[in-house]
Amino acid sequence: VSAIVLAGLAVRLSYWVHLLPVCKADEAVFGLMTKHNMEGKTFPIYLYEAHYGGAFLCYLAAPLFFIFGMSMPLLKLTTYLFTIPTILLIYFFARSLMNPRMATLAALFFAIPPHLINEIGQVANGGYPETLFFGSAVLFLTHRFLSEKLTSPQEIRRIAALGFLNGFGTWILFSMIPYTLTAWTFLARK
């Protein structure tokens with residue numbers, strides 16, 4: 001698994017170097033929001049003037065901007081806080097459903113993805129990498145909730161964790177809703 005994570009990191013870093021000169025409009029806005037956050041001017045909740053797209057990425061990048069200086073490549077690197085752990089989530093989720101070989105294959109497909117998945121996984125515009133992470137976490141936790149025999153306090157903690165992950169993920173981007181509906185559908189059948 002560690003080799004797959006390293007391969008995923010290598011693929012993303014090579015693509016990151018390719019993307020260095022590229023700054024999309026939404027990324028520029030997130031960069032500006034991070035700058036304002038770091039300077040203490042504003043503490044945004046959503047993408048400026050959009051009222052969607054939670055600003056969580058800005059809060060993660062602000063300390064990095066403070067320590068290393070402001071740069072778009074640094075903002076893009078914060079997406080790795082979501083994409084790299086998602087490789088592990090996919091592996092453990094797939095392993096709980098299938099055999100280790102298939103889990104390895106599933107993690108490998110995410111670690112070395114097609115171009116489009118790689119690109120949206122590195123765009124620092126508040127949403128796509130985070131949605132993949134939180135969505136995978138919700139599905140994995142839902143599966144574990146349904147497949148394990150839990151005591152009442154454990155069930156309450158799991159439901160609370162699912163609620164937090166669903167709510168936080170939906171705040172970041174509404175693309176989380178299909179994951180939430182899938183989890184609720186399976187939980188309702190229990």
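Helix 1 covers residues 2–19, and its 18 residues should span 26 Å at 1.5 Å a residue. The expected span is 1.5 Å times one less than the number of residues. The end C-alpha atoms of helix 1 are 25 Å apart, which agrees. Seen down the axis, the buried residues of helix 1 fall within an arc of 110°, so they line one face of the helix. The arc is that of the directions from the helix axis to the C-beta atoms. These buried residues are I4, V5, G8, R12, Y15, W16 and L19. Buried means under 20% relative accessible area, exposed over 50%, and partly exposed in between, with a 1.4 Å probe and protein chains only. The face of helix 1 turned away from the buried side carries the exposed residues S2, A3, L6 and H18. An α-helix has 3.6 residues a turn, so residues three or four places apart point the same way.

The model is predicted: local features need pLDDT of at least 70, side-chain atom pairs count only at pLDDT 80 or more, and totals for chains, interfaces and linings use all residues. Residues are numbered from 1 along each chain as its sequence is written, and side-chain values use heavy atoms, with hydrogens and water left out.

The protein chain has ten helices and zero strands. Helices (H or I, at least four residues) and strands (E, at least two) are DSSP runs, numbered from the N terminus. The C-alpha trace spans about 50 × 35 × 25 Å along its principal axes. For 190 residues, a compact globule would have a radius of gyration near 16 Å; the protein chain has 18 Å, which agrees. This radius is taken over C-alpha atoms, and the globule rule is 2.2 Å times the number of residues to the power 0.38. Of the 190 residues, 42% count as buried. Among contacts between residues at least 6 apart in sequence, 69% join residues at least 24 apart. Contact means heavy atoms within 4.5 Å.

The buried residues of helix 1 pack against helix 4, helix 5, helix 6 (100–111) and helix 7 (115–120). Those of helix 3 pack against helix 2 (25–39), helix 4 (72–77), helix 5 (80–97) and helix 8 (128–147).

Helix 3 holds 13 residues, 56–68, which should span 18 Å at 1.5 Å a residue. Its end C-alpha atoms are 19 Å apart, in agreement. L57, C58, A61, A62 and F65 are buried in helix 3. A kink of about 30° lies at A62, shortly before the proline P63. The bend at a residue is the angle between axes fitted to the seven residues ending there and the seven starting there. Just after helix 3, G69 takes a positive phi of about 95°.

Most residues other than glycine have a negative phi. E49 has a positive phi, near 60°. H51 also has a positive phi, near 60°. E49 is exposed, with a relative accessible area of 75%. H51 is exposed at 63% relative accessibility.

The whole structure contains zero disulfides, a disulfide being a pair of cysteine sulfur atoms within 2.5 Å. For C23, the nearest cysteine sulfur is that of C58, 13 Å away. That distance is too far for a bond. C23 is partly exposed at 41% relative accessibility, whereas C58 is buried at 0%.
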